[in-house]
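Thanks for coming, everyone. Let me put the structure up, and then I will walk you through it.

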Amino acid sequence: MREKRGWKYYGLPVISLLLLLAGWVYISAVKPELFPSPQKTWERLIRLIETPLARVPLYLHIFNSLKRVAIAVAAASLLGILLGIFMGISRKFQATFGTLFEMIRPIPPIAWIPLITIWFGIGEFPKMLIIFIGTLAIVITNTYTGVKMVDPLALQVGQVFHAGKLQMLFEIILPGALPAIFGGIRMAIGVGWAIVLAAEMVGATSGVGFLIFRGNELRDLPLIFVCMFIIGIIGALLSMLTSVLEKRLCPWQ
């Protein structure tokens, strides 16, 4: 039976947003040179829509960033799930690949930007490669953890009924690890959305990160604030979409 949601469930988020807005208005009044007011930020958004920056409409800047994240995270998820499963079910593979993985995993994705730029230039592929590298480890780690956390009793039942390796994988291991895998994909989307902004600040001609970089060059604080709000709203929507998909595919959770 579902828990009844009272006014706090809906009211507290509204109160927090109002407090944020009140704080924003206060700080912008005290330090207008550092914090543009909500009105100036809104006016900059309207101007950005009416007069595209770099001759690229705002929706295309957003679309280009989302496209880079979607392609890179999809590739990272496919490879990461495969590697995570192999690490979870094969001790030899974990011993061989796990050591190399643990050496590479701590390297921040931003640290790869200079090397990737030198190797591949500043086109579309380098940007997606940076996102791919930054999100692959997250999916691998969550998938491996999910496989290892599968109920041992379920595995024993499969062995008692002489289930084959593929049956064990697709009917016991994967369903048990699916929530952790989705958790990894959700985290990867969030991290990928953050990494693309840094990637787009190097040699990009479109994207939300490019807009922030241009705002910094022009000392256009309202433009930077507009982009920050766009980043936050889209990030929240992506997280909600992934959560809905997880609930549909993992109803037992």
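Start with Arg214, which is partly exposed because its relative accessibility is 26%. Keep in mind that this is a predicted model. Arg214 has a partner: its side chain meets that of Glu217 in a salt bridge, 3.4 Å from N to O. Glu217 is partly exposed as well, at 48% relative accessible area. Both residues sit in helix α9, three residues apart, about one turn of the helix.

How many salt bridges are there? The count is four. In general, side chains of opposite charge can pair when their charged atoms come close.

Next pair. Arg44 forms a salt bridge with Asp220, and the closest N and O atoms are 2.9 Å apart. Arg44 belongs to helix α2, residues 38–50, while Asp220 is in the loop between α9 and α10, so this pair ties together parts 176 residues apart in sequence. Are the two partners buried or exposed? Arg44 is buried, at 7% relative accessible area. Asp220 is buried too, at 14%.

At 65% relative accessibility, Arg219 counts as exposed. Look at its backbone: phi of Arg219 is near 55°, a positive value in a residue other than glycine.

Now Glu200 and Arg68. They form a salt bridge, with the closest N and O atoms 2.6 Å apart. Glu200 lies in helix α8 and Arg68 in helix α3, so the pair ties together parts that are 132 residues apart in sequence. Both Glu200 and Arg68 are buried.

On to the nonpolar side. In soluble globular proteins, nonpolar side chains tend to be buried together. Here, the largest nonpolar core has 51 residues. Which of them touch the most other members? They are Leu48, Ile131, Trp193, Val208, Leu211 and Ile230. Several helices each supply at least two residues of this core: α3 (58–89), α5 (113–120), α6 (124–148), α8 (165–200), α9 (208–217) and α10 (221–249). Helix α8 gives the most, with 14 residues.

Take Ile131 as an example. Leaving aside neighbours within four places in sequence, Ile131 is in contact with Arg68, Val69, Ala72, Val73, Gly192, Ile195 and Val196.

Last stop, helix α6. It has 25 residues. From its first C-alpha to its last, α6 reaches 36 Å, close to the 36 Å expected at 1.5 Å a residue. Where does α6 bend? The bend is at Thr135, by about 30°. Of the 25 residues in α6, 18 are buried, so the helix is largely enclosed by the rest of the structure.

One more residue on α6: Asn142 has its place in this helix. Asn142 counts as buried because its relative accessibility is 18%, and the cut-off for buried is under 20%. What does Asn142 touch? Not counting residues up to four places away in sequence, Asn142 touches Ala180, Gly183, Gly184 and Met187.

That is my tour. Questions, please.

Conventions: Residues numbered from 1 in each chain as written. Predicted model: local features only at pLDDT ≥ 70, side-chain atom pairs only at ≥ 80, totals over all residues. Heavy atoms only, no water. Core = buried A, V, L, I, M, F, W, Y, C linked by side-chain atoms within 4.5 Å. Buried < 20%, exposed > 50% of the residue type's maximum accessible area, 1.4 Å probe, protein only. Helix = DSSP H or I, 4+ residues; strand = E, 2+ residues; numbered from the N terminus. Contact = heavy atoms within 4.5 Å. Expected span 1.5 Å × (residues − 1). Bend = angle between axes of the 7 residues up to and from the residue.
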